Amino acid sequence: MRRRLGGRARDFAKRLPLFSLQGRSIQSVIMWSFSLFILLIVAFVSVLLYNKFSRTAEQNVMLSTQQIVDQVSYNLEDYVDGMAQLYRAIEQNMLTNGQLIDAGESKQLDTIMSSRDDIVSIALFDDQGQLLRNYPALPVKESARVLQQSWFHAALRVPDHLSFSLPHVQNLYKGTYKWVVSMSKGITIMHNGRPMYVVLVVDINFKKIEELSSRISLGKRGYVYIIDEGAGNIVFHPQQQLIYMGLRQESVEKALTSIHSYIDEPEGVKRLNTVKSVDNIAWKVVGVSYLDEIMTTRSDLNRYMVQVVAVVLVLSVLISMLLASMLTRPIRRMGSTMKAVERGDFDVELPIKGLLEVVQLSSRFNLMLDKIRQLMKQIVIEQESKRKYEFETLQAQINPHFLYNTLNAVVRMVGMSRNDEVITMITSLSKLFRISLSKGNTSIPVSEELEHARHYLTIQQMRYKNKFKFTIEADEEALSCFTLKLVLQPLIENAIVHGIEYMVDEGEIKIRAGVHGDQLLLEVADNGIGMSQQQLDNILSDRAAKTVSSGSGSGVAVHNVNDRIQLYYGVQYGLAFESEQEEGTTVRVSIPVVRTNGEEDKTNGEQDHTDLS
Amino acid sequence: MGNKIIRTYRKKGCFIAAVGLLCVSVLTACSSASLSNTATVEAAPKRIAFVAPIHAGQQGNAMKLGADAAAKEFGAQLVYIPFEQNEKAAAQRDAALAIIDSGVSAVLIDPADNEVLTEIAAKASEHHTPLFALNDETETKGVSGTISVDNTEAGREAGEAMAELLGGSGKVVIIGKEGNSIDQLQREAGIREKLKQAPNIEVAYNITCAPIRILCWQATKKLLDEAHVDGIIPLDAESSLGVADELIHRGGTNLPAIVTFGSEQEQLEMLQDGVIQTLVVQSGFSTGYLGVKQAVDLMSGNKPDKAIVLDTTVITADNMFWMGNQKMLFPFVQ
C-alpha cells in the first residue's frame, strides 16, 4: 500500500516538479498550503475591493465635481438674473414711460445704488456716444472712446435686448480701473418730442463673479474657469494672464462643444473637465480637476491594500504555523513513542485524546502494543516450557529408576545364569541409550523411534517375565519420516504400568506406524484394563498433569509428550486416547509428515544443552 | 490527568489570546501608520519665501499674485515678505537672510542690486536652500535659476516703437537711473541696435538721474531747456514718471514722445492722456508664477531650466484695453 502511494506521488512529482510533496514534513505542507490559500483569498478579495473602491472613488470625484460646477453655474445664473432685474428697475427709474426723467427726480436710484455695492456706475449715452446722464455724476474722460467699446456695439446691434459684456476694465472715468461686466441695452425714447435712440449701461463689479468662481477649488489643485459661449473668450480664469502669455492652454474649443465632461491632457497631465452652461448670460462654467489626485487616492488605497495583505500574510503564516504544529504534535508524539518502543521500552502508552483520527490511531497503537506485549509474554512462557520439557526429556533419556530396575533384573538373570537373556537385555539397554541420545537431535527417523520402542519393550518384557507380548508394524512409507524422539516410550510405559501390570492374562501391546494423508500416525494399543470415561477425560487436561503426577510419573510423562508435540508441530497435532474398560487402551500420536530432519540448524544448539546435562 | 487537561486548555487559551493580540496590534499599527502618513504629508507643505522687490509698485503686486496662484496650484505655502516704500536694499538683504535662517524650502527674490543677490546667494548655498532670482539674469553662484524678461529684446521693441513714432527721423535721448544696472545696459543696447537701423535718428545723450523721480524731472527740464528733443526713452518706470512730470509741467504741443518700460498705474494714466506714447510691459504675474513653479519643480526632483526668459508686450493707448492686455495691466479685480 505504501509503495503504491509512494509511486503515485513520484509520478505526480515528475509531472509537477514544484509540487513534490515527498520528503516534506506535514507541518510545512500544512503551513505553506494554508498560508498560500489565505494569501490567494486575501489577494483576490483585495483586488476586487480595490477595483470597486477605486471605481467608486472616481465616480464620487466625478459626481462631486459635476455638482460643484453645477452649483457655480446656478449661483452665477441667479446672480445674473438678479442683476437683470436690477437693470429693469434702474431702467424704469431713469426712463419712465419712455421719457427721460430729470436727474433730480431719480431718488430711487440713490436707494438702489446705496443698497447694492456691486453696481459701479450707471450711464446713459445717445447713439453718438455722448453722455446724457450718469450716476455717480463724473466726467467721462476724453480718451474713453465710448463708440468703440464692446457694450456699446452690442446695444446698437440688437435694440431692446439686454446684453452682458465680457468682464473688462471700466474705461469711462479717470483714475478708476475697476473690472466690470457691462449690462447694456439700446432703447428708443421720446426726448423733446422726438424719438431718440439711447444706450443705458449699468456696470456691475466683476469682483462678485470672480469670487464666486475663484473660491471654488476642486481637489487640491483643481479650479473653475468661465468662457463665453459665443466666441470662446475666457471670462474668468485664475491664471488668465498665463493664458494670454501663452504659458498655459485650456481646451476651450472642446469645452465649447461638450455638454457634460471630457478629459484633456495638456503638458502630459490628465485632467477632468466638467462643463455646465449658464444659459441667461451664455457663459459656460468649466471645472478642471486633476486626475492624478484621484490616482493619489487610488495609490493610497493601493498602499493600504498592500499593507493589509502583508499583515494578513504574516498573520496567516503565524496562524498556520501554530495550526500545523498543533495538528502534527500528536504525530510527533506518536513518533517519539514508536522510537521508545524501537529501543525496547514496551511499557509506553499514547494518551487517548485530541482529534478523532488521532484518538483512533492512538488506541490502535495502544492495542497493537498490548498485543505485542502479550505475544512476548507468551513467547517467554513457551520458551520456558520448552526448556522444561527438554530437561524432562533428558531426564527421561537416563531414567535412573528404569536403569536400576533393569540392572537389577540383569543381576537376577546373571544369578540364574541365564546368560542369553542377559546378553539380550544388555544389548537392548545399550541400543536404547544409543537411540535416546541420538547425537542430541530432537527428531529422529520413525524407524529409530520404533527401534527404540522395540528395545524398551524387550527389556520390559524380560523384567515383567513375559507378562505381555508385543508387535511392531510399520508402513514402508512411515519409516523414513521423522518424529520427535522418545514419544513412544512414555506411552508404552503407561500401557505397561496402567494397562498390563494388573492383568491376570497375558497382555499384548501393538505398536503401529503409518502415513494417513499428510499425517504420520503412531499407535500404541494394549489390551489392558482400560480407563474409565473420567480418566480418559482427565488424562490430557491441565488438571491431570498435577493430579496424576502425585500418583505416578508416567501420567506426567504422557502429558508432556502431548505438550512437546503441540509445541513442536502445532496444536492440531498431539495425542488421542481411545479406551474401553477391560478392553484396552489405544493411544494415537499424530504428527505431520516430515521427510527431512528440519533441525539440522538447531542441532548444534541442542547439542550444547545435551552436553550441559 | 485532569491537571494535565486543564494545563493544555490553559496553554491553548494563551495561544489564541496571543494570536488575537498580535492581530489587533498589527492591524491598529497598520491603520494608524497609514493615517499618520497622510497626516504628515498634509501637515507639511513646502514653504517658499518670496522676498518682494523694494519699491515694488504694481509690478511687485502682480508678481505676488502670480506666485500665489502657483503656490495654490502646486500645493506650496508662500511666505511673502513685502517692504515699505522707503525701505532700502539693506532691508531686503536683512529680511532675506533672516528668512533663509528660519528654514524655508526655497527662496524667490527680486534683488535690489547685485551685492544683495551675491550675499543672499552665499547664505542660501550655505543652507542648501534653492534660490531663484526674479528679474535678474546675472549669473551668480548659488542661484538655482532666474526668471526675467529679455531686456535686450525689450529694448529693441522700445527702439522700434520710437522709430515708428518719429517716422524714421529725429533726436532721441535715453535716460536711465544712476548706477547702470545690467537690465538697463541691456535695454539700452537693444534700443541703440534698433535705432541704428533708422539712419535719420540720432541717439543724442545718455543722461542718468538719481533714483528719485524729482531728480529725473530736473534732469529732463535741463535737457529740454538746452536743446530740442523728439523722443525720450527712460529706461525704467521711476525715471519715466520724472520725465513725464516735466512734459506735463511744460504743456503745449511739440513735446517729445516718450517710450518707456513698466506698467505702473500712473504710467497707464499718462499713456491714456497722451503724455507717454508707448510702454514696454512685462507680465509680473508670469514672473511670480514661474518663480514658484521652478522652485516646486526643483524640490520635487525635476531639473528646472536655469534661466527662463519671458516676452514683453508693447502697449499703446489703442491696445491697452484689449482683452489680453487689460488683464496684464490691471491684474487686480477691484
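In this model, 30 residues of chain A are in contact with 28 residues of chain B, two residues being in contact if their C-beta atoms, placed from the backbone, lie within 7 Å. This is a predicted model, in which local features need pLDDT of at least 70, side-chain atom pairs count only at pLDDT 80 or more, and totals for chains, interfaces and linings use all residues. Residues are numbered from 1 along each chain as its sequence is written, while chains are lettered from A and ligands numbered from 1 in the order in which they are written. The predictor gives the complex an ipTM of 0.78 and a pTM of 0.63.

**The side of chain A that touches chain B**

- Strand 4 (168-169), helix 5 (206-214), helix 6 (240-244) and helix 8 (291-343) of chain A each supply at least two residues of this side. Helices (H or I, at least four residues) and strands (E, at least two) are DSSP runs, numbered from the N terminus.
- Helix 8 of chain A gives the largest share, nine residues.
- By class, this side of chain A holds 16 nonpolar, eight polar and six charged residues. Ala, Val, Leu, Ile, Met, Phe, Trp, Tyr, Cys and Pro count as nonpolar, Asp, Glu, Lys and Arg as charged, and the others, Gly among them, as polar.

**Confidence**

- Chain A has an average pLDDT of 82, and 89% of its residues score at least 70; pLDDT is the predictor's confidence in each residue, from 0 to 100.
- In chain A, pLDDT is below 50 over residues 546-552, a stretch with five contacts beyond near neighbours in sequence.
- Residues 600-613 of chain A also have pLDDT below 50, with nine contacts beyond near neighbours in sequence.
- Chain B has an average pLDDT of 82, and 85% of its residues score at least 70.

**Make-up of each chain**

- Chain A contains 18 helices and 18 strands, and 29% of its 613 residues count as buried. A residue is buried if 20 or more other C-beta atoms lie within 10 Å of its own, exposed if 12 or fewer, and partly exposed in between, with C-beta atoms placed from the backbone.
- Of the contacts in chain A with a separation of 6 or more, 64% are between residues 24 or more positions apart.
- Chain B contains eleven helices and twelve strands, and 46% of its 334 residues are buried.
- Of the contacts in chain B with a separation of 6 or more, 74% are between residues 24 or more positions apart.

**Helix packing in chain A**

- Helix 10 (residues 400-415) and helix 11 (residues 419-437) of chain A pack at about 160 degrees, with their axes 9 Å apart. Axes are lines fitted to C-alpha atoms, for helices over the stretch in contact, and angles run from 0 to 180 degrees between N-to-C directions.
- Helix 10 of chain A is therefore roughly antiparallel to helix 11 of chain A. Angles under 35 degrees count as roughly parallel, over 145 as roughly antiparallel, 65 to 115 as roughly perpendicular and the rest as oblique.
- The residues in this contact include A:Val410 and A:Met413 of helix 10 of chain A and A:Met425 and A:Leu429 of helix 11 of chain A.
- Eight nonpolar, one polar and one charged residues make up the contact of helix 10 with helix 11 of chain A.

**Helix packing in chain B**

- The axes of helix 3 (residues 89-101) and helix 4 (residues 114-126) of chain B come within 10 Å and cross at roughly 10 degrees, so helix 3 of chain B is roughly parallel to helix 4 of chain B.
- Residues in this contact include B:Leu97 and B:Ile100 of helix 3 of chain B and B:Val116 and B:Ile120 of helix 4 of chain B.
- The contact of helix 3 with helix 4 of chain B has seven nonpolar, one polar and three charged residues.
- Helix 5 (residues 151-166) and helix 6 (residues 182-197) of chain B pack at about 40 degrees with axes 6 Å apart, which means that helix 5 of chain B is oblique to helix 6 of chain B.
- The contact of helix 5 with helix 6 of chain B has seven nonpolar, six polar and eight charged residues.
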